[in-house]
Amino acid sequence: MTRFADIAPIPLTQVEEDLAAAAAAFGDSFRRTGFAVVSGHGVPDAVVADALAAMRAFFALPEDVKRGALVPGQGGARGFTPFGVETAKDATHHDLKEFWHVGRELPPGHPFEAFMPPNIWPAMVPEFRGAALALFDALDAAGRRILRAVAVHLGLAPDAFDDPCRDGNSVLRLLHYPPVSEDAGPIRAGAHEDINVITLLLGADEAGLQLLSNGEWLDVEAPPGTLVCNIGDMLQRFTGGLLPSTTHRVVNPAPARRHLPRYSTPFFLHYRPDYLIQPMHGDAAPITANDYLMQRLREIKLL
Ligand SMILES: O=C(O)CCC(=O)C(=O)O
Ligand SMILES: [Fe+2]
């Protein structure tokens, strides 16, 4: 019998209406659980629906067609990563998922081109590009608003994360968990922490997300239309653990729902690659965001 994590939704409009109240609400939620549930986030329903429709169209393509969008040697940073590759750190079994990664579109000649490869797009689904980029931009904007509340909670200026995250190496993960068989184990995506600054989770039409709290797995309940935000390792490191990067996983559904796929669209908000993460608390060594990312991607077998 699983229990729900006790996380009350916070309206993101509070960031503009009463930043001190938003800072207190997000600060309390993140400190207790590493997670927040966010309503009024400004990501239009139609943007989410269009992205989900494009994902359904792409993932329904034959495997060999999908593998045509595989870019070797860049850790799955862009395009398609097939079923059976990503394996949570220290896990013995791979996750039951395939996904497509969308990065930030940079103007030609941008200095971050060395760190952030260009996007690729599936020729078979022409609407994919527009739908994915619209969702990327909407989640990027929502994430930057959440970080204003986080900054104030930490005693920093409201815009403290603006420059570190400007042209950040963020990634939108369009994720498909195919239906599972009756004899599948309990785990859809193994226990892990996210590498980045914060993650925004939207579009999960099937339940299954759980967080680890004092040794107990709790279901994360997100009312329809809300998004789930969690702290990643880069912000945990920056805050010396004040804001925890909470372990989470996705579990398989009860037998009656195993014939259903699960889609979700986590947005991993990153610092710009050359940002030096110099912790405000704690004694972790300074490290650039890009060096930290490379180290962590090797651990999850994406590099
Ligand atoms: O599918 C989900 O809801 C969570 C996915 C996740 O935690 C991740 O991809 O890092
Ligand atoms: Fe995650």
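Predicted model: local features only at pLDDT ≥ 70, side-chain atom pairs only at ≥ 80, totals over all residues.
1. Overall dimensions. The C-alpha trace spans about 55 × 50 × 40 Å along its principal axes.

2. The protein contains eight helices and 16 strands. Of its 303 residues, 44% are buried.

3. Contact range. Taking the contacts with a separation of 6 or more, 77% are between residues 24 or more positions apart.

4. The core. The largest nonpolar core holds 79 residues. The members that touch the most other members are Phe26, Ala132, Leu139, Ile146 and Leu200. Helix α5, residues 128–153, supplies the largest share of this core, with 13 residues.

5. Ala132. Leaving out residues up to four places away in sequence, Ala132 touches Ala51, Ala54, Val102, Leu172 and Leu174. Ala132 is also one of the core residues that touch the most other members.

6. Geometry of α2 and α5. Helix α2 covers residues 19–33 and packs against α5 at an angle of about 85°, with the two axes 8 Å apart. Angles of 65 to 115 degrees count as roughly perpendicular, so α2 is roughly perpendicular to α5.

7. Residues at the α2–α5 contact. On the α2 side the contact involves Leu19, Ala20, Ala22, Ala23, Phe26 and Gly27. On the α5 side it involves Ile146, Arg148, Ala149, Val150, Val152 and His153. By class, nine of these residues are nonpolar, two are polar and one is charged. Phe26 and Ile146, which take part in this contact, are also among the core residues that touch the most other members.

8. Asp233 lies in helix α7, which comprises residues 233–238. Asp233 has 18 C-beta neighbours inside 10 Å and therefore counts as partly exposed; the buried class would need 20 or more.

9. Asp233, surroundings. Apart from neighbours within four places in sequence, Asp233 is in contact with Glu193, Asp194, Ile195 and Ser245. Arg104 is 129 residues from Asp233 along the chain, and the C-alpha atoms of these two residues are separated by 21 Å.

How values were computed
Residues numbered from 1 in each chain as written. Chains lettered and ligands numbered in written order. Core = buried A, V, L, I, M, F, W, Y, C linked by C-beta atoms within 7 Å. Buried ≥ 20, exposed ≤ 12 C-beta atoms within 10 Å, placed from the backbone. Helix = DSSP H or I, 4+ residues; strand = E, 2+ residues; numbered from the N terminus. Contact = placed C-beta atoms within 7 Å. Axes fitted to C-alpha atoms, helices over the stretch in contact; angles between N-to-C directions. Parallel < 35°, antiparallel > 145°, perpendicular 65-115°, else oblique. Nonpolar A, V, L, I, M, F, W, Y, C, P; charged D, E, K, R; others polar.
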